[in-house]
Amino acid sequence: MGALFFDADKDGDLDLYVVSGGICDKKNGDSVYQHLFFINDGKGNFTAAKNAIPPINTSGAAVIAADYDHDGDLDLFIGGRVSPGEYPFAPKSFLLRNDSKKGAIKFTDVTKELCPKLQNIGMVTSALWTDFDNDGWPDLIIAGEFMPISFINNEKGKSFANPLTVAHSQG
């Protein structure tokens, strides 16, 4: 459903994150929805890195990267799209902090710790990291089906403020 090429390990080549998703006879939590991460060896060969990302077995749609904590590496937001068989209930969305060390890529799910409201923010179709308040820290803007546009303020990489929403008018 979504893919992102980005340099996860700061080695100068682009690695690949793939968001699994869709609607089938399997419910969220099934391994068919496990998201995937591939390491680029620098020659264009990609190898699946099974322990690089936490288990994410939900139908997603969007993945975007930014250095939200200013530690020099790219962190991820993954937007949950739909709960198969439970439409229109929202699946989980995730904030992953890049905790990679030299030679070992590792992302940690910090959603509950830094912004619990992201867990069930809605049926995400698109997201953008941008500094909407001009404080030098990338903030999140999230849009989706049956949800308002949500602006989530980055509090200097330590937490994210409760989402501010913009209601849309009918007509």
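So, Phe 6, Phe 37 and Phe 107 form one aromatic cluster. For pairing, I mean rings of Phe, Tyr and Trp (its six-membered ring) with centres within 6.5 Å; planes under 30 degrees apart are stacked, over 60 edge-to-face, and the rest tilted. Quick caveat: this is a predicted model, so local features need pLDDT of at least 70 and side-chain atom pairs 80 or more, while totals for chains, interfaces and linings use all residues. Numbering runs from 1 along each chain as its sequence is written, and side-chain values use heavy atoms, without hydrogens or water.

By that pairing rule we get 9 aromatic pairs. One of them is Tyr 68 with Trp 129, stacked, at 6.2 Å centre to centre and 10° between the planes. Tyr 68 sits in the loop between strands S5 (60-66) and S6 (75-80), Trp 129 in strand S9 (residues 123-130), and they're 61 residues apart. Strands here are DSSP runs of E, at least two residues, numbered from the N terminus. Buried or exposed, Tyr 68 and Trp 129? Both are buried, meaning under 20% relative accessible area, with exposed over 50% and partly exposed in between (1.4 Å probe, protein chains only).

On to charges: there are 2 salt bridges, each a side-chain nitrogen of Lys or Arg within 4 Å of a carboxyl oxygen of Asp or Glu. Glu 145 pairs with Arg 81, closest N and O atoms 2.7 Å apart. Glu 145 is in strand S10 (residues 139-145) and Arg 81 in the loop between S6 and strand S7 (94-98), so this bridge ties together parts 64 residues apart in sequence. Then there's Arg 97 with Asp 99, at 2.8 Å between the closest N and O atoms. Arg 97 counts as partly exposed at 22% relative accessibility, and so does Asp 99 at 24%.

How values were computed:
Helix = DSSP H or I, 4+ residues; strand = E, 2+ residues; numbered from the N terminus.
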